[in-house]
Amino acid sequence: MTAGHPAPERERRRVAVRGLVQGVGFRPFVFTLAGELGLAGSVTNTGEGVLAEVEGSREAVEAFCRRVAGDAPPLAQVASVEHEPLAATGATGFAITPSRTDGPRATLIPPDVAVCADCLAELTDPGDRRYRHPFISCTNCGPRHTIVTGLPYDRANTTMAGFPMCADCAREYTDPADRRFHAQPVACHACGPTLALVLPGRAARLAGEDALTGARRLLAAGAVLAVKGIGGYHLACDARDAAAVDLLRRRKRRGDKPFALMARDLATVEGLLPLGPVERELLTGPVRPIVLLRRTGAPPPAVDAVAPRSPDLGVMLPYTPLHHLLLAAPGPDLLVMTSANLSGEPIVTDDREALERLAPLVDGWLTHDRPIHVPCEDSVVRVVDGERLPLRRSRGYAPLPLPLPVPVRPALAVGGDLKNAFALARDGYAWLSGHIGDMDDLATLRVFDRAVEQLGTVSGVRPELLVADRHPGYRSVRHAERSAAGRPVRRVQHHHAHIAAVMAEHGLDGGRPVLGLAFDGTGYGEDGAIWGGEVLLADYDGFSRLAHLGYVPLPGGDAAVERPYRTALAHLRAAGLPWTAGVPAVMACPGEELRVLDRQLELGLNCVPTSSMGRLFDAVSSLAGICHRAGYEAQAAVELEAAAAEFGWAEFGPAGAYRFGLPARGDGWTADPGPVLAAVVADVTAGAPAGLVAARFHAAVADLARRVCAAVRERYGTTTVALSGGVFANALLSSACARGLVEDGFTVLRHRRVPPNDGGLALGQLMVAARVAGAREE
């Protein structure tokens, strides 16, 4: 193309592209596309996306506007393309110009992406200048979300700003033909970042390759190591070394809670457990979450210590080059890789804090000098009936927004107190945070505040409204009220939010109510009781409670949750069943405590009524002799599922199930667990194996779901059922309920994009309280 006066047929257009278009190689793609079409002009990042001006023939300009979305890079997600005509100037050449910092700031920052195949090939190529560089990345992979400090997405607005590019990296960065053209995290051995191994009591640090070699030796010798990752530190040890696993468990005060594993490669995973196609895709894809794999046999005894009595092993593959180097042969091929924190505290990200807080836990620190700006835990996903079910939506997914079926006001939904994740939203999108954790620690509240500020920066949402749970004791609620600064705070009932979240992710506009089964451990009810076994007829405007589990006193609150035998005894008393001496739950209760509990239940002292399905799972687990003390959340229920899975529960359809009573009450029904509990005690007393009891109980809950939904449909005509709440993280129950309801002619909605537990609560809170049309004061 040559300079000259513009020809009559030349056109020039300004093209604004919004969506996930920064940090994914979009400007280099536009540069290449313009060159291919013979167009002049420029492209730049703005606070709202990518802005291009293109000039050339009408056909070429129209092709550009069409292909800029259709041919976008693999990691890009184009939400909209808007263009307007400009006067042609006769310009020549095409350039990537400096980012614009004026105007609004609201664009999509990509999540962190697992290291790509091209970078891995270079990592292992002795002839490549990035051979064994632990921070190798390119336009198609590497950290994004966790290093962004501001917008637009340029190196200066990331934690890579402190690493000036060497001449070689700068040359690649400015070469349109190079895979690292405008890749912000680009680096090499010459320009950093740099590994360091810190050992207790030693001032000198090992650096670079020496640090990596030292770390591998420590792991092989049975040590526990703190490893700095993308979104925080992990605690690592050799998963096949039972003594090392036990050491980590004792130091972290982990109890029997399962650890996550990181395997060297897919073959290592296949040596442990069978894989389905969706699980294989999750393990090897760009997100690389922890995937819960069902244990169908007995893993090696040492590995069994990683997840005692759990039905699943949580496994992931390396997602950073450092992980690949750490797991390379020879050396351990399977590492425990768990968040570096004490139970209940947020993940450690700061280097100085890591040296102080993790000192009692580790034998060394494998760290580096690139700061982590945004903490981000590993995501956790399981596969149920061939579909993905997220249990923790964090690294690899956050901060990608979810489209909403109806517009909302600019709002902040603070979620719940357990497994907290909040959400910011405006118009037709909701930005869900990564996993924050349990809001019972001051450090977690500080992490929450920083995460709200950071996500507000990248999303551009300035909340006019705050949304919280109805529970008067939730720390998240009190935090919202303290932070409101004159803005309204609306309250949404816990289980209503659960059902609204399922509706939202399936694109329902709320025009028709759904029948929602909200089964979980704890949710504040409108009558002051603790709900958790709820059947709601719900839309976004409100709900009717049509059925629920019968109330049972929960003696001592948290004490009952931590000691399932107390819950079991309370359920027996409520059902009018004796505390027979040979029943496992009765035998598990110390004599003096048994007498005190008897008196407590008689007088109703500190006994909050609950309709919780989660607590019923706890009770049956103890009655069957499976779990009497819970060292982590839902342990009794998890081990009950494991027993049912091992026994082969699927053989038990309605004919083999225990059976709930379902008497009508006024305009609804009460599900009576008494007959189930009586049958459980009878089976246990007769010597039935715990797996049989667990199987029949799972089948009973699935049968209850079918019966109550059929009764509601007959009365109200509703044919769409939504399943939500933490109990539906149970793969056996979720599958059985869905299968039976589909057989009965229902459309069944299950979570696929946000967790069924309280990690998805904020999405439902938004839909109930922040809708532009039909929003009501809660």
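1. Contacts of Leu537. In this predicted model, Leu537 touches Pro513, Val514, Gly542, Phe543, Ser544, Leu546, Tyr716 and Thr718, leaving aside residues up to four places away in sequence. Leu537 belongs to strand E22, which covers residues 530-538. Its relative accessible area is 16%, so Leu537 counts as buried. Asp71 is 466 residues from Leu537 in sequence, and the two C-alpha atoms are 44 Å apart.

2. Aromatic pairs. The structure has 8 of them. Phe31 and Phe181 make one, in edge-to-face geometry: the centres are 5.6 Å apart and the planes are at 70°. This pair joins distant parts of the chain, 150 residues apart. Phe31 is in helix H1 (residues 26-37), and Phe181 is in the loop between helix H4 (167-173) and strand E6 (195-198).

3. Exposure of that pair. Are Phe31 and Phe181 buried or partly exposed? Phe31 has 21% relative accessibility, so it is partly exposed. Phe181 is at 4%, so it is buried.

4. A second pair. Phe422 and Phe448 have ring centres 5.2 Å apart and planes at 65°; the pair is therefore edge-to-face. This pair also links distant parts of the chain, 26 residues apart. Phe422 is in the loop between strand E17 (401-413) and strand E18 (423-432), while Phe448 is in helix H12 (residues 442-459). Both residues are buried.

5. Ring cluster. Phe31, Phe94 and Phe181 are linked into a cluster by ring pairs.

6. Arginines over rings. Arg395 lies over the face of Tyr319, 3.5 Å from the ring centre. Arg573 lies over the face of Trp579, at 4.5 Å from the ring centre.

How values were computed. Residues numbered from 1 in each chain as written. Predicted model: local features only at pLDDT ≥ 70, side-chain atom pairs only at ≥ 80, totals over all residues. Heavy atoms only, no water. Helix = DSSP H or I, 4+ residues; strand = E, 2+ residues; numbered from the N terminus. Buried < 20%, exposed > 50% of the residue type's maximum accessible area, 1.4 Å probe, protein only. Contact = heavy atoms within 4.5 Å. Phe/Tyr/Trp six-rings, centres within 6.5 Å; stacked < 30°, edge-to-face > 60°. Lys NZ or Arg CZ within 6 Å of the ring centre and 35° of its normal.
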